[in-house]
Amino acid sequence: MSTPDPSLRLRPWVALVVFISAYAPLLLILAIKDLDVSGNLPVPKNPWWFGGLLVMAVLSCVVVLRTMSSVREGLQVQVSKAANKSGEMFGYTIPYVLSVVRIDLADWPIVASLLIFMGMMFVMAYRTQTVLVNPVLAMAGYMLIDATFKRGTTELQAMVITRIPLKIGGTYTFERLAHYLYVAAEPETAGEAGSEHER
């Protein structure tokens with residue numbers, strides 16, 4: 001029996017960090033809503049929750065963006081078809097309706113319900129391998145491309161997360177993250193970018 005390819009699925013803890021980063025703006029909104037502005041200076045009503053939300057939001061974004069930009073190796077492929085599917089990233093914004101709902105972080109039934117809901121969202125995203133369809137990546141300039149590409153004589157079709165516009169006939173480096181999900185490596189210099197697109 002062959003061993004499963006570890007690149008075919010993100011590790012659960014990595015996927016969780018990516019998932020949290022998708023809702024970093026929501027975490028910041030919830031933290032701001034926890035501020036008591038009745039005094040001279042805004043003070044958090046629940047300091048532990050306030051601090052935890054801020055730390056999770058900032059750290060998750062830093063880790064995910066640095067990880068994505070650090071991809072330099074992978075499969076050399078030639079793109080034959082490409083269609084922009086970045087609009088699908090908006091599906092992740094549905095839970096942002098929570099930002100207009102009054103949420104008291106000291107009310108544990110509400111917090112528990114919210115955690116159960118977000119836990120369900122995470123499991124769905126992880127099981128369907130769409131955890132990297134991330135609005136924060138979209139704000140950072142990444143696109144979601146439905147691409148058909150060749151590696152040698154083998155033709156594949158998958159979703160590709162990239163900050164580089166993919167040109168038909170161009171040669172790129174793709175790193176596989178899941179069965180049908182890749183990330184395009186960014187050239188280290190402008191000169192390399194030109195050579196990648198012209199090959």
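Which residues of the largest nonpolar core touch the most other members? Keep that question in mind as we walk through the model.

**Before you start**

This is a predicted model, where local features need pLDDT of at least 70 and side-chain atom pairs count only at pLDDT 80 or more, while totals for chains, interfaces and linings use all residues. Residues are numbered from 1 along each chain as its sequence is written, and side-chain values use heavy atoms, with hydrogens and water left out.

**Stop 1: the whole chain**

Show the chain as a cartoon and you will find 6 helices and 7 strands. Helices (H or I, at least four residues) and strands (E, at least two) are DSSP runs, numbered from the N terminus. Followed from the N terminus, the order is α-α-β-β-α-β-α-α-β-β-β-β-α. Of the 199 residues, 38% are buried. Here buried means under 20% relative accessible area, exposed over 50%, and partly exposed in between (1.4 Å probe, protein chains only).

**Stop 2: the largest core**

Select Phe-19, Tyr-23, Met-68, Val-131, Leu-132, Leu-137 and Ile-161: of the 39 residues in the largest nonpolar core, these touch the most other members. A nonpolar core is a set of buried Ala, Val, Leu, Ile, Met, Phe, Trp, Tyr and Cys residues joined through side-chain atoms within 4.5 Å. At least two residues each are supplied by H1 (12-22), H2 (24-33), H3, H4 (108-127), H5 (135-139), strand S6 (171-178) and strand S7 (181-184). Helix H4 gives the largest share, 7 residues. Elsewhere, a second, separate core has 13 residues, including Ile-145, Ala-147, Phe-149 and Ala-184. In soluble globular proteins, nonpolar side chains tend to be buried together.

**Stop 3: helices H1 and H2**

Select residues 12-22 and 24-33, the helices H1 and H2. Their axes come within 4 Å and cross at roughly 60 degrees, which makes H1 oblique to H2. Where do they meet? Ile-20, Ser-21 and Ala-22 in H1 meet Ala-24, Pro-25 and Leu-27 in H2.

**Stop 4: helix H3**

Move on to residues 47-69, where the 23 residues of H3 reach 33 Å from first C-alpha to last, close to the 33 Å expected at 1.5 Å a residue. Its buried residues are Phe-50, Leu-53, Ala-57, Ser-60, Cys-61, Val-64 and Met-68. Gly-51 also sits in H3, but this glycine is partly exposed, at 27% relative accessible area. Draw a C-alpha to C-alpha distance from Gly-51 to Ala-31: the two are 20 residues apart in sequence and 8.0 Å apart in space.

**Stop 5: strand S4**

Finish with residues 143-151, strand S4, which holds Thr-148. Is Thr-148 buried or exposed? With 11% relative accessibility, Thr-148 counts as buried. Beyond neighbours within four places in sequence, its contacts (heavy atoms within 4.5 Å) include Gln-78, Val-79, Glu-155 and Leu-156.

Not counting residues up to four places away in sequence, Ile-145 touches Ala-82, Ala-83, Asn-84, Lys-85, Ala-158, Met-159, Val-160, Thr-162 and Leu-166. Pro-165 lies 20 residues from Ile-145 in sequence and 9.1 Å away in space, C-alpha to C-alpha.

Notes: Expected span 1.5 Å × (residues − 1). Axes fitted to C-alpha atoms, helices over the stretch in contact; angles between N-to-C directions. Parallel < 35°, antiparallel > 145°, perpendicular 65-115°, else oblique.
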